[in-house]
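Hi everyone, thanks for making time for this. Please bring the structure up on your screens, and let's walk through it together.

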Amino acid sequence: MHLYNLTLQAPTAITHAVAGNFSGSRTQEIIVSRGTRLELLRPDVQSGKVFTVIATDVFGSIRSLAAFRLTGGTKDYAIVGSDSGRIVILEYDPRTSTFVKVHQETYGKSGARRIVPGQYLATDPKGRSVMIAAMEKAKLVYILNRDAAANLTISSPLEAHKNNAIIHHIVGLDVGFENPTFAALEVDYSESDQDPTGEAFNNAEKMLTYYELDLGLNHVVRKWSEPTDPRANLLVQVPGGQLATSDRYDGPSGVLVCCEDHIIYRHMDAPQHRIPIPRRKHPLEDPDRGLLITAAVMHKMKGAFFFLLQSEEGDLYKVTIEHEEQDVKAVKIKYFDTVPVASSLCILKSGFLFVASEFGNHHFYQFQKLGDDDNEPEWSSTDYPSFGMADPTAALPRAYFRPRPLDNLTLVDELESLCPIIDSKVMNLLPNSDTPQIFTACGRGARSTFRTLRHGLEVEEVVSSDLPGIPNAVWTTKLKEDDPYDSYIILSFVNGTLVLSIGETIEEVQDTGFLSSAPTLAVQQIGADALLQVYPHGIRHVLADRRVNEWRVPSGRTIVCATTNKRQVVVALSSAELVYFELDLDGQLNEYQDRKAMGSTVLALSVAEVPEGRQRTPYLAVGCEDQTVRIVSLDPESTLETISLQALTAPPSAICIADMLDASINKTQPTTFVNIGLQNGVLLRTILDPVNGNLTDTRTRFLGTRPIRLLRVNVQQNPAILALSSRPWLNYTYQNFMHFTPLIFENLDYAWSFSAELCTEGLIGISGSLLRIFQIPKLGTKLKQDSMPLTYTPRKFIPHPTNGLLYLIEGDHRVMSEEAANKKLQELREQGERIDEEVLSLPPAQFGRPKAPAGTWASCIRIINPVDSSTVNVVHLDNNEAAFSVAIVPFAARGNELHLVVGTAQDTFLAPRSCTSGFLRTYRFVNDGRELELLHKTETSDVPLAVMAFQGKLVAGVGKSLRIYDIGKKKLLRKVENKNFPSAVVTLNTQGSRIIVGDMQESVFYAVYKPPENKLLIFADDTQPRWVTATTMLDYNTVAAGDRFGNIFINRLDAKVSDQVDDDPTGAGILHEKPILFGAPHKTAMLAHFHIGDIVTSLHKVALVAGGREVILYTCLHGTIGILVPFVSKEDVDLLTTLEQHMRTEQLSLVGRDHLAWRGYYVPVKAVVDGDLCESFAKLPANKQSTIAGELDRTVGEVLKKLEQLRVTASGF
């Protein structure tokens, strides 16, 4: 078995984000790390939208990211710390739109290790040096400088190691132009290591240490080290240093140390200031719980600076420091606003705040004001004795504020993120859809969502209006060549033409010079200021002064099709003749003296747009009924001569020539594509050679069941092609590469570009008698998301086999259920406490729910109708129960009536796992599954983490045991159990009498149920321990599984062993066989292994294309969705394996990670080709492409065609 891995949806989580002027222009951009990818985002200051400029896979794990600029420079560089054991400095090159590696310095082993630096990065604010540190012991400092040619240089590393020290955070101090200094939070564990009583561990001190880089002596010294609060977790740099132009200081320098419940300002030889972190005044808050700061950002303005700190609840606090020169007078804090909990915050100089959410969608806010003049309470360090440091060990008095909706910020854009995908299913449930949808349960807590993902581009409808009849075509046109917007909409009906003018409103106009009594075949704004209308009996050339020149068809003939551009018109007559007109320099249309007889009825014509600065375009494509396409010359030397001919498999229905940029074919200028739509719904795309007019590199694609119509449109200032069949498709260029994606929209009969003040970049289309104006806002997104909100974190969901509903279980730890919360509020009211109803009614989706002590759960079962993304019903669980597993079971004892079984547990603690009691709740479906009726609850001894239907009974994984239950009147009856599983049963799959059991820590077990002896026996297991997260059966003997370290592996049982087990009626043979390696008597063999770099949460064996082959689709925690495609032929395996080897040497990882080692992180990669790496073949320079293609005995076009074919036939993407 050989597989080909393809990513359909790159990870959407953002782990780090840094802002800076990376392209060297005045605009600020944001570089984000998505775990294994780097992206450059550019916010549009006018519209407030955030666009992705470039996204690249780094084939490594990014652990830290920092931006820096050299003193006096105008351009920022990005420094990346990763698991490659190398520090990498990247520069964004706007010319080629790529990240360029400026430096790559190796300092240690690869892998994310405890003592190999890469986890933390800190830069000197003046851009002179950078510190890269590990979790433990190791810290390296590099000096950055310029050489004579102004290129960035990097020094050898200087060590600042401290043995037996755990590092919690590091930051660069702002010291102006004195020696660069770095601050670190460290804990020395040497004594705790030696002391068995645990006393030393409790007394271990957390130290704030300054490391100074002496530029003169070129080494690092530990300058200052003082104990600080043991709960400190984060350091924030405070501005400092003198301005070069004056004696004034930018700030006091030093750091803010963020601790639990308070923040301390610290600097060497300066008094400390301590302020409390204000807490929410919520009636249900847990008073014993501390509050931490999890993200922080500092912003400097002219002569001032402020900090935004974010607590783990999502509240932003504004911190300011009052100072005179270098002396701090007071540190002040006040509540600012509440945003989602962020992994990174970035403030842009243009007045925006980018919040890279930990989970869920990322938000982009605009500052309305800076919260200076509101009446929010402010706390200052001067309110407390000795600036709050009278007794550093005692807590400051609690400070409370009331949360409120956004006041200082407004949300201007949202970047969709699937992170985290917790469970998913792939099914085709939507009406009239020919491809399956991916249903995902995403998110965490109150911001959770249930999303439906459909392959296609999102369409925003602007206008939809009814027309008096059913038109067969629509066009828009300008009046003059240099008009900014369109002036007319022309609709052609069977018996006439309607012209509408576009203004404040859209209304009919008469005196346009267009013939209204006949249908129209083509409309064109021609020359500088004239219009052209082609109708079945002639051509009207309407001049600017409304004079009309008309050319009439010879009697007895009609025009059957036409094609036009700014200077040329070609029409085909019913007598199979072509007539060619060209505009002369005076603006007159002149007919070429000869007409060309084609010998077969012409079905389609196309000419390209006239290239800039040219008189004409030299080629015409003609499609005829004899199933051919001919390229005909329009050159004055050889007018209307046939140059080349291509045979087709069916008569053509449409042809469209367009010049579009595709960097895989030509990086510098657009390529001329001839798109041919056939009547059987197949689209052919060939390349027209501009020199000799030959057609090369044909690619085919099935679009739908209707004959194809092709239209040249403009999308976001670039030419694109709209292909209309049984669904509309768009062929467009995005980030220099060609994409071909369906639109998620009603079927269109005809469409054209539309540009007006209201909608500058739109399209206009007709479907039936409806006229629709729409636009395509997000190019490049292959999956459109429709989401609905959930109450708690989703855990698992399952589809009903017949009624089309989904049953989803949700549960949140450390959150009170509604019932428990109302009970507590009732108690408080009875005690006469004043309850703040306004705070209670704040939406949890924005503010979260108040945290409760460990062991408290809120959970529910939700019934979802996926077609309209709506909740049908919610069943809340009581008694502090939480749902962990769900199954729909047809119990044979009840005549195969379907029941919903939900595995729950009461008072659950996660680590170590314990509960007072587990339950299997059995529900009956009432009212066609729209309601649930609880039949009974069955107690279990542990948490039931997996349940599944099995031969008319229920099989449940309860802790370390596997049990089979049958239904009884008062509860489920245990029939048989096997207690021999090592840690906990987490996944179950079945075929026949075989059960595949995924164990939490020990990989996959094969078990069999033998009814004659009523035994449940394990007969095979894996030789390697694996922390299984998801499994699926590929066939009776083969299982695919994902583990917690980001790997997918496929195990197969030997067919002989399988038959032997099935032929043994009582299982006696298995019982008496000798166990191997203290396990089962048989072992599975590993067929394939691949490291994805993201934790797999679900696996499905499914066909994504109608009639296509089955693939393994996986979804991952960070929002990655990918497929593993089985190769069909040995030839493909050899070709792509060789291509992958070439790509490994050519396309080196941006972070310096070895590709082979990355894909074989824990176990060497086996039998899987990395399609993402192979597809970057298209990005290589042309000379490298041809070298590699030569080594493969192929042309570059053939290699690209093979890669596209693999992707399209397997996924349709």
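Predicted model: local features only at pLDDT ≥ 70, side-chain atom pairs only at ≥ 80, totals over all residues.

Residues are numbered from 1 along each chain as its sequence is written, and side-chain values use heavy atoms, with hydrogens and water left out.

I995 sits in strand β80, which covers residues 994–999. Is I995 buried or exposed? I995 counts as buried because its relative accessibility is 0%; buried means under 20% relative accessible area, exposed over 50%, and partly exposed in between, with a 1.4 Å probe and protein chains only. Now find F177 as well: I995 and F177 are 818 residues apart in sequence, and their C-alpha atoms are 68 Å apart in space.

Next, the overall layout. The chain is divided into domain 1 (109–411), domain 2 (464–597 + 749–774), domain 3 (980–1091) and domain 4 (1110–1211). Those bounds come from an automatic or database domain assignment. Between the C-alpha centres of domain 1 and domain 2 there are 65 Å.

As a caution, UniProt positions are given in the numbering used here, feature names are shortened, and annotations may be inferred rather than shown by experiment. In the model, residues 460–776 are 0% helix and 54% strand, and the end C-alpha atoms of this span lie 6 Å apart. The unreviewed entry in UniProt also lists residues 858–1178, as "domain: RSE1/DDB1/CPSF1 C-terminal". For residues 858–1178 the end C-alpha atoms are 50 Å apart, with 13% helix and 50% strand in the span.

Helix α6 spans residues 1055–1063, and V1057, S1058 and V1061 are buried in it. Why do these three share a side of α6? They cover an arc of only 100° around the axis, which puts them on the same side of α6; the arc is that of the directions from the helix axis to the C-beta atoms. K1056 and D1063 are exposed on the other side of α6.

Helix α11, residues 1182–1191, has Q1185, I1188 and A1189 as its buried residues. Looking down the axis of α11, these buried residues fall within an arc of 100°, so they line one face of the helix. N1183 and E1191 are exposed, on the face of α11 turned away from the buried side.

On to the empty space inside. Rolling a probe the size of a water molecule over the atoms shows where empty space is left. Here a cavity is a set of points, on a 1 Å grid over the protein atoms alone, where a 1.4 Å probe fits but cannot get out, and lining residues have an atom within 4 Å of a point. Grid points are joined across faces, edges and corners, and a volume is the space filled by probe spheres set on the points.

How many cavities of 30 Å³ or more are there? The count is two. The largest cavity has a volume of about 80 Å³, and its lining includes T435, H455, L783 and F1213. Strand β36, residues 449–455, gives the most to that lining, with three residues. By class, the lining of the largest cavity has six nonpolar, three polar and one charged residues. In this scheme Ala, Val, Leu, Ile, Met, Phe, Trp, Tyr, Cys and Pro count as nonpolar, Asp, Glu, Lys and Arg as charged, and the others, Gly among them, as polar.

The second largest cavity holds about 30 Å³. E416, E458, K778, T781, L783, K784 and Q785 line the second largest cavity, and they divide into one nonpolar, two polar and four charged.

Last, some backbone details. The peptide bond from C419 to P420 is cis, with omega near -10°, and P420 is in the loop between β33 (409–415) and β34 (421–427). Another cis peptide bond runs from A911 to P912, with omega near -10°.

R814 is not a glycine, yet it has a positive phi of about 60°. R814 counts as partly exposed, at 36% relative accessibility.

How values were computed
1 Å grid on protein atoms, 1.4 Å probe; cavity = no way out; pocket = protein on both sides within 12 Å on 5 of 7 lines; lining within 4 Å. Helix = DSSP H or I, 4+ residues; strand = E, 2+ residues; numbered from the N terminus.
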